[in-house]
Structures are given as C-alpha cells and as structure tokens.
Amino acid sequence: MGPPTMTIGSYPDYRTAQRVVDYLADNRFPVEHTAIVGTDLTLVETVLGRLSTGRAGLLGAGTGAWFGLFIGLLFGIFTAGNWLAVVLAGLVIGAIWGAVFGAVAHAMTGGRRDFTSASSLRANQYAVIVDQQYAEQARQLLGRLHLQAPQRQPD
C-alpha cells in the first residue's frame with residue numbers, strides 16, 4: 001500500500017494543484033513523494049456531431065487505413081519485391097474493410113446512437129498529498145507561495 005500521506009492543500013482546479021507541485025520541485029522538495037488526487041469525479045460526454053451510416057463508414061475507413069498501413073509496413077519489411085506496393089495494398093485493403101465494418105456496425109444500432117462523442121473525467125477538487133514524513137517541509141515551502149493550505153488532515 002505505501003506510507004501514510006497527508007493533504008497539504010486542496011484546490012478547485014488542476015492547474016493550481018500542478019502549480020503547487022511545480023513550486024515544490026523548484027524548491028528542491030522530493031516531489032516523488034507527492035501526488036495530485038482528483039476528488040468528486042464527474043463523467044462528461046461531449047457530443048461532437050451527428051453520425052450517419054455514411055459518416056460511420058468514413059470514420060471506419062480512416063481507422064482501417066491506419067491499421068492497414070501498419071500491417072502493410074510489417075509485411076513490407078519482409079518483402080523482397082516492391083515494398084511500396086505491399087504498404088499501399090495494406091492501406092487500401094484496411095480502408096475498405098474499415099469502411100465496411102464502420103457502416104455495418106452503425107447500421108446495426110438501429111438509430112439508437114446517431115452521434116459521435118468524446119468522454120472525459122473531471123474532478124471538482126484537486127488535493128495535493130505528500131508522504132506524512134515530508135508534510136511539514138511541504139507546508140513550510142507552501143507558506144512562501146501565498147496559497148491557502150487547509151488544516152492538517154491525515155489521509
């Protein structure tokens with residue numbers, strides 16, 4: 001599990017918590033005994049746009065092309081003949097199969113998911129914690145940074 005830790009500060013955004021750890025590092029604090037812990041996590045799914053079967057096919061073609069390029073490069077390494085033709089064939093075949101699978105997979109959802117999105121986790125608060133044996137040293141350094149640190153709280 002690890003040594004006991006203490007919270008030396010709690011901040012509303014990651015940037016401030018990062019600034020605290022950076023300040024500690026700049027002042028030769030052993031930051032390998034430090035962690036930034038996001039609490040009160042929220043999953044946010046940002047809708048990027050509408051998804052049709054055609055668009056799903058295009059997205060699948062792009063993904064398939066990258067995979068086909070990778071496979072083509074692998075086969076191209078071991079080809080005695082025209083390696084460029086092998087790489088291009090892998091790219092084209094990958095794009096075709098990707099397009100087919102993307103379009104078919106979207107069509108099989110029956111319209112239940114007609115949008116693309118990106119998911120991310122967000123924390124409402126970020127705690128900077130350090131191993132208990134370094135907590136007092138960290139608090140003294142933070143006193144010079146002029147950020148508000150909470151009362152001592154063992155974790």
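A salt bridge is a side-chain nitrogen of Lys or Arg within 4 Å of a carboxyl oxygen of Asp or Glu. The legends below describe close-up views of a predicted model.

**View A. The salt bridge between Arg113 and Glu45.** The structure holds one salt bridge. Its partners are the side chains of Arg113 and Glu45, with an N to O distance of 2.7 Å. Arg113 belongs to the loop between helix H3 (83-107) and strand E3 (115-131), and Glu45 to strand E2 (residues 34-50), so the contact ties together parts that lie 68 residues apart in sequence. Both ends of the pair are partly exposed: Arg113 has a relative accessible area of 36%, and Glu45 has a relative accessibility of 39%.

**View B. Asp131, a buried charge without a salt bridge.** Asp131 is located in strand E3. This residue is buried, yet no salt bridge is formed by Asp131; the nearest side chain of opposite charge is that of Arg139, 13 Å away. When neighbours within four places in sequence are set aside, the contacts of Asp131 are Pro3, Pro4, Thr5 and His33.

**View C. The largest nonpolar core.** In soluble globular proteins, nonpolar side chains tend to be buried together. Here the largest nonpolar core comprises 19 residues, and those with the most contacts inside it are Ile8, Val20, Leu24, Phe29, Val128 and Leu142. At least two residues of this core come from each of strand E1 (5-11), helix H1 (14-26), strand E3 and helix H4 (135-145).

**View D. The aromatic pair of Tyr14 and Tyr126.** A pair of aromatic rings is described by the distance of the centres and the angle of the planes. Three aromatic pairs are found in a search of the whole structure. One of them joins Tyr14 and Tyr126 in an edge-to-face arrangement, with 5.7 Å centre to centre and 70° between the planes. Tyr14 is part of helix H1 and Tyr126 of strand E3, so this pair ties together parts that are 112 residues apart in sequence.

**View E. Helix H3 and its buried residues.** Helix H3 contains 25 residues and spans 36 Å from its first C-alpha to its last, close to the 36 Å expected at 1.5 Å a residue. Its buried residues are Val87, Gly90, Gly94, Ala95, Gly98, Gly102, Ala103 and His106. These buried residues of H3 pack against helix H2.

**View F. Gly54 in helix H2.** Gly54 lies in helix H2, which runs over residues 53-77. With a relative accessible area of 48%, Gly54 is partly exposed. Gly54 and Arg28 are 26 residues apart along the chain, and their C-alpha atoms are separated by 56 Å.

View G. Most residues other than glycine have a negative phi. Arg28, a residue other than glycine, has a positive phi near 60°. Arg28 occupies the loop between H1 and E2 and is exposed, at 76% relative accessibility. Asp40, likewise not a glycine, has a positive phi of about 55°. Asp40 is placed in strand E2, and its relative accessibility of 52% makes Asp40 exposed.

Note on methods: Residues numbered from 1 in each chain as written. Predicted model: local features only at pLDDT ≥ 70, side-chain atom pairs only at ≥ 80, totals over all residues. Heavy atoms only, no water. Helix = DSSP H or I, 4+ residues; strand = E, 2+ residues; numbered from the N terminus. Buried < 20%, exposed > 50% of the residue type's maximum accessible area, 1.4 Å probe, protein only. Lys, Arg positive; Asp, Glu negative; His and termini not counted. Contact = heavy atoms within 4.5 Å. Core = buried A, V, L, I, M, F, W, Y, C linked by side-chain atoms within 4.5 Å. Phe/Tyr/Trp six-rings, centres within 6.5 Å; stacked < 30°, edge-to-face > 60°. Expected span 1.5 Å × (residues − 1).
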